Amino acid sequence: MAQTNARALRGQLLDFIDDPAEVGAAASHRYHRDGLLVIEDGRIAKASDAQALLSELPPGTPVDEYPDCLIMPGLIDTHIHYPQTQVIASYGAQLLEWLQKYTFVEEEKFGDPAHAAAIARFFLDELLRNGTTTAAVYCTVHPASVEAFFAESERRNTRMIAGKVMMDRAAPAALTDTAERGYRDSKALLQAWHGRGRQLYAISPRFAVTSSEAQLQVAGTLLREHPGAYLQTHLAENHEEIATVRKLFPNAKSYTDVYDRCGLLGPRSIFGHCLHLADEELQRLSDTRSVAAFCPTSNLFIGSGLFDLARLRDPARPVRVSLATDVGGGTSYSMLRTAAEAYKVLQLQGQNLPALDAFYMMTLGNVRALGLEAEIGSLRVGSAADVVVLDPCATPAMAHRMATIGDDLEAILFVLMTLGDDRAVRATYVLGELAYAAP
Ligand SMILES: [Zn+2]
């Protein structure tokens, strides 16, 4: 008798066990050309060659067949704003103007819980349609926006990290809290949601322009009081922003120092962008094991600058790096498109991003940046079965290109990341349940 909660996926299994940039391509991943992923109770029970496993499969176990697709751990996005689904593709402004002109206008609407709930539904549909099963998400200043997001994520059982944006200045009155209210509201949300089911909380001061020193201090207090929580904010995205921060915090040694003095650096802290940093700042990020989130489509679209991956990874003071979309400054929900733009950003600086490195970043690399490798990010037995199925022949142009490639895995992955997007996602599973299937 088959267990009713068991199922299997058959196709090309690929996952990572380590960083190809460190251990080399061959030792970094596992690949089964004809593999079988057996899922029981939402967890991966077996992952190996189909021929070996099929005979052991209890009769009647449903097998979803994806013979020409890659079956991988779900993709991970380490920096995205759910209230910006109707900000994406806003024309012609750089960071500070873009915030005032487009973003704050949309974020004000999240005072209405019904609006927040509707957008949270759209947003999570869109993530799953793009194969993203976990993300670090900014909500708005309104506690209701966080409630709406977590409620929707809990309904789908997705592993999500999110938090209330803290802003106590330089934004419309409807979007500001105070240091005290930011602390109180964040703490209440954190206590309600952090570790409830699969939901995790991120303390989220937007950035140093919109948070006073007092507010950044209480963010640091929250982090000390709740060491299991995350901290997410923005750092050194744009030159005008950096000049503003210098004026607002004349006593700080640098932009990074503004956060550092408030105790915001650390292994569970994710800093969006990190484009224009001095060596001493990178040293501090390295010393504290903080994470820099590389958001290439956003950096190009808002005209912020080029992320210098080689410099951040300087072995003398390596900074942990993750990859992220940063929608709505970013222009795509797709981590595949994001990897393609990361490749181009690095090419412009004479650097490279091999396909294996890119797929490592989108999966295990980002999961390690979030400290969640015990639960997700690989096809290891016991891992949560958050899985994406990618079709390298999803479009005529991809199929046409693939005809010249044969069985070369790295070439197949490079086609997927260069030409692929949401159309390449055949299916997405959350805890072993089909959460999205391509029409
Ligand atoms: Zn952002």
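I began with helix H8 and listed its buried residues: Gln215, Leu216, Val218, Ala219, Gly220, Leu222 and Leu223. The model is predicted, and I keep that in mind throughout.

Next I checked the extent of H8. The helix covers residues 213-225, 13 residues in total. From first C-alpha to last it reaches 18 Å, close to the 18 Å expected at 1.5 Å a residue.

What do the buried residues of H8 pack against? I found two helices in the list, H7 (179-193) and H10 (255-261). The strands there are E8 (165-166), E9 (199-205), E10 (230-235) and E11 (269-273).

I moved on to the pair H5 (residues 113-129) and H6 (residues 143-156). Their axes lie 8 Å apart, at an angle of about 45°. That angle makes H5 oblique to H6. I noted the contact residues too: H5 contributes Pro113, Ala116 and Phe123, among others, while H6 contributes residues including Ala144, Phe149 and Arg156. The crossing is right-handed.

Then I looked up Asp391. This residue sits in the loop between strand E14 (387-390) and helix H16 (396-402). Is Asp391 buried or exposed? It counts as buried, because its relative accessibility is 11%, and the cut-off for buried is under 20%. A polar atom of its side chain lies 2.8 Å from the backbone nitrogen of Cys393. Beyond four places in sequence, Asp391 is in contact with Asp68, Cys69, Met398, Leu416, Ala424 and Arg426.

At the start of H17, a side-chain oxygen of Asp408 comes to within 3.2 Å of the backbone nitrogen of Glu410.

Technical notes
Residues numbered from 1 in each chain as written. Predicted model: local features only at pLDDT ≥ 70, side-chain atom pairs only at ≥ 80, totals over all residues. Heavy atoms only, no water. Helix = DSSP H or I, 4+ residues; strand = E, 2+ residues; numbered from the N terminus. Expected span 1.5 Å × (residues − 1). Buried < 20%, exposed > 50% of the residue type's maximum accessible area, 1.4 Å probe, protein only. Contact = heavy atoms within 4.5 Å. Polar contact = N/O pair within 3.5 Å; in protein donor to acceptor, adjacent residues only side chain to side chain. Axes fitted to C-alpha atoms, helices over the stretch in contact; angles between N-to-C directions. Parallel < 35°, antiparallel > 145°, perpendicular 65-115°, else oblique. Left-handed = near helix turned anticlockwise from the far one by under 90°.
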